[in-house]
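Thanks for coming, everyone. Please have the sequence and the structure open while I talk.

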Amino acid sequence: MSKASPGSRGSSKNKPPKEPKLSRTHAPAELSAVEWQRALRRQFGREQAFGLENIGAEPVFSEFRVSNPESKRAYRVAIRGRLPGDNYCACPDYATNELGTCKHIEFVLAQLEGKRGAKTAFARGYQPPFSELYLRNDGGRRIHFRAGTDCPPSVRETAESLFDETRGGVLRVEDFAALERFMAATAKSGHELRAYDDALDFIAGRKDAEQRAARLDKLLRSGRDAFPLKKLLNVPLYPYQA
């Protein structure tokens, strides 16, 4: 009978302990509801046999296509870090759960953990030459700015006046109206500013909502008779209702 070498015994001892299996119906007492839901997605994502294709140019901080062989669906995942809100997925769950993660992101992170150089890359952090506008979806939907290594001083200076660096580069609520001017000025400078579809959709939605609110406010200030209630509703209104 052959004996295991000291090295093999040591390697088994150095393996990280398995994470406890979480219930899908009862949250552990030591976890908040948000932590529990994030952990469930981490657990579920690591159990999947999804297909994975790197469709970007980098080995770690890249874009990936995650496909489900059973449902035949595929989603685009962008990896920028290991914390909730760092990454992006095009799936409906990520768009609505406000957890900053989903099973597809957790699946990709699990696959990258064993990749050579991934640990060093995550420790160094995401440092692209281009700058980014991105939507964080952890505990609320907010626009953030990440300056690239090639970001000109003029763009950085303007960004500092709009985005709160003490909170991860989040766009200040009162400066939302200046965002489009910032994007146009950055494009004029020649510096590349990237934005994902969810960020652009959020910006467009906010702009439309503000324009609707302004038009509605103007109509209401014009008086009851100027507001076209009869065109909007199919039922007559009493004066007090109008």
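Where is the place of Glu-98? Glu-98 sits in the loop between α3 (92–97) and α4. Keep in mind that this is a predicted model. Glu-98 is not a glycine, and still its phi is positive, about 55°. Is Glu-98 buried or exposed, or in between? Glu-98 has 36% relative accessibility, so it counts as partly exposed.

Lys-72 is found in the loop between β2 and β3. Its phi is near 70°, again positive in a residue other than glycine. Lys-72 counts as exposed, because its relative accessibility is 71% and the cut-off for exposed is over 50%.

Now the overall picture. The protein chain has 9 helices and 9 strands. It has 242 residues, and 34% of them count as buried. Take the contacts between residues at least 6 apart in sequence: 45% of those join residues at least 24 apart.

On to the interior. In soluble globular proteins, nonpolar side chains tend to be buried together. How many residues does the largest nonpolar core have here? The count is 24. Ile-79, Ile-105, Val-108 and Phe-122 have the most contacts inside this core. Five elements each supply at least two of its residues: β2 (63–67), β3 (74–78), β4 (88–89), α4 (103–113) and α5 (118–124). The largest share comes from α4, with 5 residues.

Let me zoom in on Phe-122. Leave aside residues up to four places away in sequence. Phe-122 then touches Val-60, Phe-61, Ile-79, Gly-81, Arg-82, Leu-109 and Leu-112. There is also a second, separate core, with 17 residues. Among them are Cys-151, Phe-176, Leu-179 and Ile-203.

Next, helix packing. Two packed helices are described by the angle between their axes and the distance between the axes. Start with α2, residues 33–47, against α4. Their axes come within 7 Å and cross at roughly 60°. That angle is why α2 is oblique to α4. The crossing is right-handed. From α2, the contact uses Arg-41, Arg-42, Phe-44, Gly-45 and Arg-46. From α4, it uses Lys-103, Glu-106, Phe-107, Ala-110 and Glu-113.

Val-155, Thr-158, Ala-159 and Leu-162 make the contact from α6. Phe-182, Thr-186 and Ser-189 make it from α7. By class, this contact has 4 nonpolar and 3 polar residues, and no charged ones.

Stay with α7 and step past its end. His-191 has its place in the loop between α7 and β9 (193–195). Is His-191 buried or exposed? His-191 is buried, because its relative accessible area is 9% and the limit for buried is under 20%. Not counting residues up to four places away in sequence, His-191 touches Pro-129, Phe-130, Ser-131, Asp-150, Cys-151, Pro-152 and Thr-186. Two of those names came up earlier. Cys-151 is in the second core, and Thr-186 is part of the α6 contact with α7.

What does Thr-149 contact, leaving aside neighbours within four places in sequence? Thr-149 is in contact with Gln-127, Pro-128, Pro-129 and Arg-156. Pro-129 is also touched by His-191. Thr-149 and Ser-131 are 18 residues apart in sequence, and their C-alpha atoms are 7.8 Å apart in space.

Last stop, strand β1, residues 51–54. Asn-54 lies in this strand. It counts as partly exposed, because its relative accessibility is 35%. Outside four places in sequence, Asn-54 touches Pro-59, Ser-62, Glu-63 and Phe-64.

Conventions
Residues numbered from 1 in each chain as written. Predicted model: local features only at pLDDT ≥ 70, side-chain atom pairs only at ≥ 80, totals over all residues. Heavy atoms only, no water. Core = buried A, V, L, I, M, F, W, Y, C linked by side-chain atoms within 4.5 Å. Buried < 20%, exposed > 50% of the residue type's maximum accessible area, 1.4 Å probe, protein only. Helix = DSSP H or I, 4+ residues; strand = E, 2+ residues; numbered from the N terminus. Contact = heavy atoms within 4.5 Å. Axes fitted to C-alpha atoms, helices over the stretch in contact; angles between N-to-C directions. Parallel < 35°, antiparallel > 145°, perpendicular 65-115°, else oblique. Left-handed = near helix turned anticlockwise from the far one by under 90°. Nonpolar A, V, L, I, M, F, W, Y, C, P; charged D, E, K, R; others polar.
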